[in-house]
Amino acid sequence: MAFKKSLVFAALLLAGCDDTLTLNQVCSETPGFCEDLNKDSHCKDERALLIYARYHEYKSPTDENKYDLLQNLESYNLCVSRAAKIEHIKLKEKTTSRVEGHLTALKEMTRIYNETKGSNHPGLLYYHWSRNSDSTAMNKLLNMQDDPRVQNDPEIQLFLAEFYAKVDDDKTVDILYRVLELNKRGHTPNPEVYSSLVSIFYKHEKYKHAYTFARVAQLSGVEDIDIIPVTNQLASMGKDLANLDSLAQRTYESIQAGEFVSPRDF
């Protein structure tokens, strides 16, 4: 979700409430949070983030901390499960510790899911729906769309866009515009925002819209945007791409400045 904060920086933010807290101190105070993870250098950053998240959830088991822990468990598990498939001819114990870390992540994720079944936390509700097919959780989240916790959280808005993308393109575009409105100065939105906008506009033959956001995506450093089909469509229609390039530049600058305003009639 370029577009991703440094894991190390995020780890420092997690530890921010304890200015002197270090990974060694966490592992010394609560060794169980470190010993059941992989022991080698693979997934070093994900492992560090997970250890901090486990510690903070242990100290303060709020829904927000459980949600943060769940996200870090998933990131770590994705990394370590891949690493566990690497064969070590001479150091079999390394592969074993990765498997142990993978099993720990699965067990902890199950614990969080069980402990948060009745939660009203927007992020947890989305996870219960997307990972466990819990329609009740999704209905709760849909009924909370006017809640400031939902309206003002770009991540939750993107979750909603993913849901509505299957049933309502107009609603999806509105939500994706909201994600861009919420983008803070100097930050880059999740590339899925641009790829989704381009896809929807292209499907509805709104080629100028599709081209504009494809160019915004390119300006933002997104490399896997296929702009050629929409460029060919516009060229066949005799459209002037220079004006659209200028519009894309202005749109990109407004997003990066945290000043984007949804073009409802665009």
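Mentor: The helices named here are DSSP runs of H or I with at least four residues, strands being runs of E with at least two, and both are numbered from the N terminus. The model is a predicted one, in which local features need pLDDT of at least 70 and side-chain atom pairs count only at pLDDT 80 or more, while totals for chains, interfaces and linings use all residues. Residues are numbered from 1 along each chain as its sequence is written, and side-chain values use heavy atoms, with hydrogens and water left out.

I begin with the loops. Most residues other than glycine have a negative phi. Ser 133, in the loop that joins α7 (122–132) to α8 (135–142), has a positive phi near 55°. Its relative accessible area of 63% makes Ser 133 exposed (buried is under 20%, exposed over 50%, and partly exposed in between, with a 1.4 Å probe and protein chains only). Glu 205, another residue that is not a glycine, has a positive phi of about 60°. Glu 205 sits in the loop between α12 and α13 and is exposed at 58% relative accessibility. The loop between α11 (169–181) and α12 (191–203) holds Gly 186, which is exposed because its relative accessibility is 57%. The C-alpha atoms of Gly 186 and Gln 256 are 5.3 Å apart in space, although 70 residues separate the two in sequence.

Two packed helices are described by the angle between their axes and the distance between the axes. The axes of α11 and α12 lie 10 Å apart at an angle of about 150°; axes are lines fitted to C-alpha atoms, for helices over the stretch in contact, and angles run from 0 to 180 degrees between N-to-C directions. The crossing of α11 and α12 is left-handed, a term for a near helix turned anticlockwise from the far one by less than a right angle, with clockwise giving right-handed. Contact means heavy atoms within 4.5 Å.

Next comes α13. The axes of α13 and helix α15 (residues 241–256) come within 8 Å and cross at roughly 55°, and α13 is therefore oblique to α15. Angles under 35 degrees count as roughly parallel, over 145 as roughly antiparallel, 65 to 115 as roughly perpendicular and the rest as oblique. This crossing of α13 and α15 is right-handed. Phe 213, Val 216 and Leu 219 are among the α13 residues in the contact, which meets Leu 244, Ala 248 and Tyr 252, among others, in α15. The contact of α13 with α15 divides into 10 nonpolar, three polar and three charged residues.

Aromatic pairs extend the picture. Rings of Phe, Tyr and Trp (its six-membered ring) pair if their centres lie within 6.5 Å; planes under 30 degrees apart count as stacked, over 60 as edge-to-face and the rest as tilted. The count by this rule is 12 aromatic pairs. One of them is edge-to-face, Phe 33 with Tyr 58, at 5.6 Å centre to centre and 75° between the planes. Phe 33 belongs to helix α3 (residues 32–35) and Tyr 58 to helix α4, so this pair ties together parts 25 residues apart in sequence. Phe 33 is buried, at 17% relative accessibility. Tyr 177 and Phe 213 form a tilted pair, with 6.0 Å from centre to centre and 40° between the planes. Because Tyr 177 lies in α11 and Phe 213 in α13 (residues 207–219), this pair ties together parts 36 residues apart in sequence. Both partners are buried: Tyr 177 has a relative accessible area of 3%, and Phe 213 has 2% relative accessibility.

Note on methods:
Nonpolar A, V, L, I, M, F, W, Y, C, P; charged D, E, K, R; others polar.
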